Amino acid sequence: MAELEKGPQGRRRGRGARERILSASQQLFREQGINQTGMDQLCAVAQVSKRTAYQHFTGKDELVAEYLRRFDPDVMPGVFDRTDLTPRERLLAVFEAPANATEDAITPLCPFIGAAVEIHDPEHPARQRAHDYKKAVAARLAETAREAGATNADQLGEQLALLLDGASARNRALNAETFPTAAAIAAVLLDNAIPTTAARTAESRSST
(Lines give C-alpha, C1' and ligand atoms only; values in the text may rest on other atoms or scores of the structure.)
Protein backbone atom coordinates (compact mmCIF):
# COMPACT_ATOMS: atom_id res chain seq x y z
CA MET A 1 0.00 0.00 0.00
CA ALA A 2 1.42 3.38 -1.01
CA GLU A 3 2.58 5.60 1.80
CA LEU A 4 0.34 8.63 2.14
CA GLU A 5 0.91 12.05 3.68
CA LYS A 6 -1.33 15.01 4.28
CA GLY A 7 -0.84 18.00 2.02
CA PRO A 8 -1.16 21.67 3.03
CA GLN A 9 -4.92 21.56 2.62
CA GLY A 10 -5.31 18.45 4.72
CA ARG A 11 -5.82 16.18 1.73
CA ARG A 12 -4.16 12.80 1.70
CA ARG A 13 -1.55 12.41 -1.02
CA GLY A 14 0.28 9.43 -2.52
CA ARG A 15 3.60 9.04 -4.25
CA GLY A 16 2.70 11.31 -7.17
CA ALA A 17 4.01 14.30 -5.25
CA ARG A 18 7.17 14.66 -7.35
CA GLU A 19 5.21 14.84 -10.59
CA ARG A 20 2.77 17.36 -9.10
CA ILE A 21 5.68 19.54 -7.98
CA LEU A 22 7.23 19.42 -11.46
CA SER A 23 3.86 20.13 -13.08
CA ALA A 24 3.35 23.13 -10.79
CA SER A 25 6.84 24.39 -11.57
CA GLN A 26 6.20 24.17 -15.30
CA GLN A 27 3.04 26.23 -14.92
CA LEU A 28 4.35 28.84 -12.50
CA PHE A 29 7.87 29.30 -13.87
CA ARG A 30 6.52 29.92 -17.35
CA GLU A 31 3.62 32.15 -16.28
CA GLN A 32 5.36 34.37 -13.76
CA GLY A 33 9.07 33.60 -13.89
CA ILE A 34 11.51 31.63 -11.77
CA ASN A 35 12.48 34.39 -9.37
CA GLN A 36 8.89 35.42 -8.73
CA THR A 37 7.86 31.90 -7.78
CA GLY A 38 8.51 30.83 -4.20
CA MET A 39 8.50 27.38 -2.69
CA ASP A 40 5.42 28.19 -0.62
CA GLN A 41 3.41 28.94 -3.74
CA LEU A 42 4.80 25.89 -5.53
CA CYS A 43 3.82 23.63 -2.66
CA ALA A 44 0.34 25.15 -2.52
CA VAL A 45 -0.29 24.58 -6.22
CA ALA A 46 1.20 21.07 -6.09
CA GLN A 47 -0.78 20.37 -2.91
CA VAL A 48 2.18 19.01 -0.96
CA SER A 49 3.89 20.09 2.23
CA LYS A 50 7.27 21.82 2.11
CA ARG A 51 8.71 18.84 3.97
CA THR A 52 7.60 16.57 1.12
CA ALA A 53 8.96 18.98 -1.49
CA TYR A 54 12.40 18.96 0.11
CA GLN A 55 12.34 15.18 0.27
CA HIS A 56 12.18 15.16 -3.54
CA PHE A 57 14.40 18.18 -4.24
CA THR A 58 17.23 19.52 -2.12
CA GLY A 59 16.14 23.05 -2.96
CA LYS A 60 14.69 25.35 -5.60
CA ASP A 61 17.91 25.26 -7.65
CA GLU A 62 17.63 21.52 -8.17
CA LEU A 63 13.93 21.86 -9.00
CA VAL A 64 14.62 24.51 -11.66
CA ALA A 65 17.32 22.35 -13.26
CA GLU A 66 15.02 19.31 -13.34
CA TYR A 67 12.17 21.41 -14.74
CA LEU A 68 14.38 22.42 -17.67
CA ARG A 69 15.82 18.93 -18.12
CA ARG A 70 12.35 17.46 -18.54
CA PHE A 71 10.84 20.29 -20.54
CA ASP A 72 12.12 19.09 -23.92
CA PRO A 73 14.63 16.27 -23.36
CA ASP A 74 14.71 15.11 -26.99
CA VAL A 75 15.06 18.61 -28.52
CA MET A 76 11.89 19.26 -30.51
CA PRO A 77 11.18 15.71 -31.70
CA GLY A 78 7.78 16.84 -32.95
CA VAL A 79 9.62 18.73 -35.69
CA PHE A 80 12.99 17.11 -36.26
CA ASP A 81 11.75 13.51 -36.14
CA ARG A 82 8.93 13.99 -38.63
CA THR A 83 9.26 11.69 -41.64
CA ASP A 84 6.39 13.25 -43.60
CA LEU A 85 8.35 16.46 -44.22
CA THR A 86 11.40 17.15 -46.36
CA PRO A 87 14.47 18.49 -44.51
CA ARG A 88 13.69 22.02 -45.74
CA GLU A 89 10.10 21.73 -44.54
CA ARG A 90 11.32 20.57 -41.12
CA LEU A 91 13.55 23.62 -40.84
CA LEU A 92 10.61 25.90 -41.58
CA ALA A 93 8.32 23.94 -39.24
CA VAL A 94 10.57 25.00 -36.34
CA PHE A 95 9.04 28.46 -36.68
CA GLU A 96 5.42 27.36 -36.56
CA ALA A 97 3.46 28.56 -33.54
CA PRO A 98 3.07 25.92 -30.81
CA ALA A 99 -0.11 23.87 -30.97
CA ASN A 100 -1.33 25.32 -27.65
CA ALA A 101 -1.01 28.92 -28.82
CA THR A 102 -4.22 30.83 -29.50
CA GLU A 103 -5.07 34.27 -30.80
CA ASP A 104 -5.67 35.45 -27.25
CA ALA A 105 -2.58 33.83 -25.70
CA ILE A 106 0.84 34.95 -26.82
CA THR A 107 3.45 32.21 -26.85
CA PRO A 108 5.42 32.27 -23.55
CA LEU A 109 9.11 33.11 -23.59
CA CYS A 110 11.34 30.10 -24.23
CA PRO A 111 11.96 28.65 -20.73
CA PHE A 112 15.66 28.19 -21.46
CA ILE A 113 16.08 31.84 -22.39
CA GLY A 114 14.03 32.79 -19.34
CA ALA A 115 16.26 30.75 -17.04
CA ALA A 116 19.45 32.20 -18.56
CA VAL A 117 18.14 35.74 -18.04
CA GLU A 118 16.85 35.24 -14.50
CA ILE A 119 19.74 33.18 -13.11
CA HIS A 120 22.98 35.15 -12.95
CA ASP A 121 25.34 32.41 -11.79
CA PRO A 122 26.93 30.82 -14.90
CA GLU A 123 27.73 27.70 -12.86
CA HIS A 124 24.11 27.19 -11.81
CA PRO A 125 22.86 23.80 -13.08
CA ALA A 126 19.90 25.45 -14.79
CA ARG A 127 22.21 27.83 -16.66
CA GLN A 128 24.29 24.86 -17.74
CA ARG A 129 21.18 23.06 -18.92
CA ALA A 130 20.04 26.13 -20.88
CA HIS A 131 23.48 26.36 -22.50
CA ASP A 132 23.49 22.67 -23.47
CA TYR A 133 19.95 22.83 -24.83
CA LYS A 134 20.61 25.84 -27.04
CA LYS A 135 23.73 24.16 -28.43
CA ALA A 136 21.67 21.02 -29.10
CA VAL A 137 19.01 23.00 -30.99
CA ALA A 138 21.64 24.59 -33.23
CA ALA A 139 23.20 21.17 -33.81
CA ARG A 140 19.89 19.63 -34.87
CA LEU A 141 19.21 22.58 -37.16
CA ALA A 142 22.65 22.15 -38.72
CA GLU A 143 22.13 18.41 -39.12
CA THR A 144 18.81 18.98 -40.88
CA ALA A 145 20.34 21.73 -43.03
CA ARG A 146 23.03 19.26 -44.06
CA GLU A 147 20.30 16.78 -45.08
CA ALA A 148 18.70 19.56 -47.11
CA GLY A 149 21.96 20.11 -48.98
CA ALA A 150 23.13 23.39 -47.43
CA THR A 151 26.58 24.48 -48.53
CA ASN A 152 27.50 25.58 -44.99
CA ALA A 153 25.18 23.66 -42.70
CA ASP A 154 26.81 24.69 -39.43
CA GLN A 155 26.54 28.37 -40.27
CA LEU A 156 22.93 28.00 -41.37
CA GLY A 157 22.13 26.12 -38.17
CA GLU A 158 23.51 28.98 -36.07
CA GLN A 159 21.63 31.55 -38.14
CA LEU A 160 18.32 29.73 -37.73
CA ALA A 161 18.93 29.20 -34.00
CA LEU A 162 19.59 32.92 -33.55
CA LEU A 163 16.49 33.78 -35.55
CA LEU A 164 14.37 31.39 -33.49
CA ASP A 165 15.58 32.82 -30.16
CA GLY A 166 15.12 36.37 -31.42
CA ALA A 167 11.56 35.64 -32.48
CA SER A 168 10.80 34.15 -29.07
CA ALA A 169 12.20 37.14 -27.17
CA ARG A 170 10.56 39.73 -29.44
CA ASN A 171 7.27 37.84 -29.30
CA ARG A 172 7.25 38.25 -25.53
CA ALA A 173 8.55 41.83 -25.47
CA LEU A 174 5.97 43.13 -27.96
CA ASN A 175 3.14 40.84 -26.91
CA ALA A 176 2.65 40.17 -30.62
CA GLU A 177 3.07 37.18 -32.91
CA THR A 178 6.51 37.27 -34.53
CA PHE A 179 7.06 33.72 -35.76
CA PRO A 180 5.44 34.16 -39.20
CA THR A 181 7.94 36.94 -39.94
CA ALA A 182 10.77 34.77 -38.64
CA ALA A 183 9.60 31.92 -40.90
CA ALA A 184 9.66 34.23 -43.92
CA ILE A 185 13.23 35.29 -43.08
CA ALA A 186 14.19 31.64 -42.56
CA ALA A 187 12.87 30.80 -46.03
CA VAL A 188 15.17 33.44 -47.55
CA LEU A 189 18.14 32.06 -45.62
CA LEU A 190 17.34 28.57 -46.85
CA ASP A 191 17.00 29.69 -50.46
CA ASN A 192 20.40 31.39 -50.29
CA ALA A 193 22.14 28.49 -48.52
CA ILE A 194 20.72 25.50 -50.40
CA PRO A 195 21.43 25.15 -54.12
CA THR A 196 18.37 24.27 -56.18
CA THR A 197 19.83 20.95 -57.34
CA ALA A 198 20.70 19.95 -53.76
CA ALA A 199 17.22 20.84 -52.56
CA ARG A 200 15.63 18.70 -55.27
CA THR A 201 17.89 15.78 -54.41
CA ALA A 202 17.06 16.04 -50.69
CA GLU A 203 13.34 16.20 -51.40
CA SER A 204 13.60 13.18 -53.69
CA ARG A 205 15.36 11.17 -50.98
CA SER A 206 12.74 12.15 -48.39
CA SER A 207 9.88 11.01 -50.61
CA THR A 208 11.35 7.54 -51.25
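User: Hi! Before we dig in, what kind of model is this, and how are residues numbered?
Analyst: Residues are numbered from 1 along each chain as its sequence is written, and the model is predicted, so local features need pLDDT of at least 70, side-chain atom pairs count only at pLDDT 80 or more, and totals for chains, interfaces and linings use all residues. Side-chain values use heavy atoms, with hydrogens and water left out.

User: Which residues touch the most other members of the largest nonpolar core?
Analyst: Those are L63, V94, F95, L141 and L160, in a core of 54 residues. Helix 8 (residues 125–148) gives the most to this core, namely eight residues. A nonpolar core here is a set of buried Ala, Val, Leu, Ile, Met, Phe, Trp, Tyr and Cys residues joined through side-chain atoms within 4.5 Å.

User: Let's zoom in on F95. What does it touch?
Analyst: Leaving out residues up to four places away in sequence, F95 touches L160, L163, L164, F179, A182, A183 and A186. Contact means heavy atoms within 4.5 Å.

User: Back to helix 8. How does it pack with helix 9?
Analyst: Helix 8 and helix 9 (residues 153–174) pack at an angle of about 130°, and their axes are 7 Å apart. The axes are lines fitted to C-alpha atoms, for helices over the stretch in contact, and angles run from 0 to 180 degrees between N-to-C directions.

User: What do you call that arrangement of helix 8 and helix 9?
Analyst: Helix 8 and helix 9 are oblique to each other. Angles under 35 degrees count as roughly parallel, over 145 as roughly antiparallel, 65 to 115 as roughly perpendicular, and the rest as oblique. Among the residues that meet there are L141 and A145 in helix 8, and L160 and L164 in helix 9.

User: So what about helix 9 and helix 10?
Analyst: The axes of helix 9 and helix 10 (residues 179–193) come within 10 Å and cross at roughly 170°, so helix 9 and helix 10 are roughly antiparallel to each other. Their contact includes L160, L163 and L164 in helix 9, and F179, A182 and A186 in helix 10.

User: What's going on at the other end, with helix 1 and helix 2?
Analyst: Helix 1 (residues 17–32) and helix 2 (residues 39–46) pack at an angle of about 125°, with axes 8 Å apart. That makes helix 1 and helix 2 oblique to each other. On the helix 1 side the contact includes I21, L28 and F29, and on the helix 2 side it includes L42 and V45.

User: New topic: how many disulfides does the structure hold?
Analyst: The structure holds zero disulfides. A disulfide is counted as a pair of cysteine sulfur atoms within 2.5 Å.

User: Is C43 buried or exposed?
Analyst: C43 is buried, at a relative accessible area of 5%. C110 also counts as buried, at 14% relative accessibility.

User: Where is V75, and what is its phi?
Analyst: V75 lies in the loop between helix 4 (60–71) and helix 5 (77–80). Its phi is near 60°, a positive value in a residue other than glycine. V75 is buried, with 9% relative accessible area.

User: And M76? What is its phi?
Analyst: For M76, phi is near 55°, again positive in a residue other than glycine. M76 sits in the loop between helix 4 and helix 5, and M76 is buried with a relative accessible area of 18%.

User: Last one: where is F112 found, and what does it touch?
Analyst: F112 is in helix 7 (residues 111–118) and counts as buried at 1% relative accessibility. Not counting residues up to four places away in sequence, F112 touches L68, F71, R129, A130, Y133 and K134. F112 and L68 are 44 residues apart along the chain, while their C-alpha atoms are separated by 7.0 Å.

Note on methods. Buried means under 20% relative accessible area, exposed over 50%, partly exposed in between (1.4 Å probe, protein chains only). Helices (H or I, at least four residues) and strands (E, at least two) are DSSP runs, numbered from the N terminus.
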